[in-house]
Amino acid sequence: MNSKEFTIELSRRIERSTKETSEMTSYLLGKIAQHLQDDDIVAVQSFGTFEVKKKAERISVNPTTKKRMLIPPKLVLNFRPSSLLKDKFK
Amino acid sequence: MDERLNQQHLIDLLAEMDGVSKKDADIFVREFFHLIEDALEKDGIVKVKGLGTFKLVSVESRESVNINTGERFTIDGYNKISFTPDISLRELINKPFEHFEAVELNDGVEFNDIDTDDELPQEHPLVLDETELNSDDNIIADEEPLSEVEQTQPIIQGEDKAGEVVAENHETVIDAVVAAITNAEVLPIEEEVSDNADESSPALLKDEDQQVELDKSIPVRHEQQNRLYKYLILVPIFVLIVCIGIISYLYFPELFELKSKDILIEDKVIVVGKEAIEKASPESIIADSNLVLIADIDSPVIAVTAPVESIPQKEPIKKTTEVGEDGTQPDSINYKIVGTKTTYTVKPGETLTRVALRFYGTKNLWPYIVKHNPNKIKNPNNVPSGTVLKIPEITKK
């Protein structure tokens, strides 16, 4: 299901127009993103938690050219599903 | 702001939007996540623009062993939920590090603390030292004495923004940053830049992570410092020992078994020895043995006795020298002892090689003297003056 379908289905469920739902979606996601930047964790009950994790610097070798590259550290977003969700799909 | 944002908070935040009531927000947020769940169940993949993609990944069953009982059992296959953030979200989150680039490493640059197949000693052990630990507030600004200032600039700006938020967590932050610096100490320059930058700004964001990492790094730093100190001490000591060895070798050759006897006499006598080889007449040999004696610093007295001894020695001299050894290798196999030629008292400062030279015309036959005087010569390296030796008569085998 891609984004468009998602928006359409969501708008159907909350009985609002797609335009409105897409606005609300982006607003909500904006808030989530902002909070992640500031505080690293967003936990949604029965769904899962989104976490910002830091990946350390590392050296990796390009197997074809054999050159060694220093990959800088970075922050990545991590999602850990809640147990309920995990069980649902087992 | 609370550290964890939960669903209720999300609802409250959404309700702040124009035209959205609390009730609407509540319904929206709940449906939002439920939909993701349902869609995932239905399609196995859900893409939400601005957030990312949720995918179901199947994991096949595998065998495993119960650690307590040791019996084998099967872990059944199941479906994992995987999440890949959207590009925009990814970049937004990585903002503190956005200016970092992957850099090609030249040969010879090594790092300790990173996952890599190479593990070689670090190059810059103690660059960021106690000075950093002292100045709390200036750490972030001052820690880059090295190049790549550009990288630090955006970091510092990033920190300023975060700084307001973090004002409350000041102490923990400083601790983290300070500890972050000590972590950075472990790594050499190139890494320090990115490491410091990375430690300082995310440190503001993520205190707990840092503490865990830093606890590990501090003992590592100490280990490495200790290792370095050991090297710094051991190397000069080793050099000193080598120097002492060389000096004693030069000044006390008797201490060294290898060819020392030969070496003393070598310079003076080889020339003479060669002359002895060439000349065949008894007179010349007498003259040569005189030469030998004169060259000998320590034994002017023997000049008297030498002519007497030199005549019977003529043949042995010839024979010994004809053997053709170069005069440096001790020889104890090519000849056999057939009797005693004469006796001789060792003079002060004389060695067996000198005695051999006197009687055989060559240094390398001293082992025969030793063989012939087992009770008198306990240590060939040290035959005290006054020892009376039987000089064997030797013939070539």
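Which side chain meets that of Glu9(A) in a salt bridge? The partner is Arg13(A), at 3.3 Å from N to O, where a salt bridge is a side-chain nitrogen of Lys or Arg within 4 Å of a carboxyl oxygen of Asp or Glu. Both residues lie in helix H1 (residues 3–14) of chain A, four residues apart, about one turn of the helix. Helices are DSSP runs of H or I with at least four residues, numbered from the N terminus. Over all chains, the structure holds 13 salt bridges.

The model is predicted, so that local features need pLDDT of at least 70 and side-chain atom pairs count only at pLDDT 80 or more, while totals for chains, interfaces and linings use all residues. Residues are numbered from 1 along each chain as its sequence is written, chains are lettered from A in the order in which they are written, and side-chain values use heavy atoms, without hydrogens and water.

The size of an interface is often given as the accessible area lost when the parts come together. Chain A and chain B bury about 6,400 Å² between them, 67% of it on carbon and sulfur atoms; this area is taken with a 1.4 Å probe and summed over both parts. Phe28(B), Leu35(B) and Ile93(B) supply 11% of the area that chain B buries against chain A, more than any other three residues. The contact (heavy atoms within 4.5 Å) takes 57 residues from chain A and 75 from chain B.

Six salt bridges are found across this interface. One joins the side chains of Asp38(B) and Lys88(A), at 3.8 Å from N to O. On the side of chain B that touches chain A, the largest share, 17 residues, comes from H2(B). By class, that side has 40 nonpolar, ten polar and 25 charged residues. Ala, Val, Leu, Ile, Met, Phe, Trp, Tyr, Cys and Pro count as nonpolar, Asp, Glu, Lys and Arg as charged, and the others, Gly among them, as polar.

Helix H2 (residues 18–39) of chain A and helix H2 (residues 22–43) of chain B have axes that come within 11 Å and cross at roughly 80°. The axes are lines fitted to C-alpha atoms over the stretch in contact, with angles from 0 to 180 degrees between N-to-C directions. H2(A) and H2(B) are therefore roughly perpendicular to each other, a term for angles of 65 to 115 degrees. Thr21(A), Met24(A), Thr25(A), Leu28(A) and Leu29(A) meet Asp24(B), Phe28(B), Val29(B) and Phe32(B).

Methods: Helix = DSSP H or I, 4+ residues; strand = E, 2+ residues; numbered from the N terminus. Parallel < 35°, antiparallel > 145°, perpendicular 65-115°, else oblique. Buried area = accessible area lost by both parts, 1.4 Å probe.
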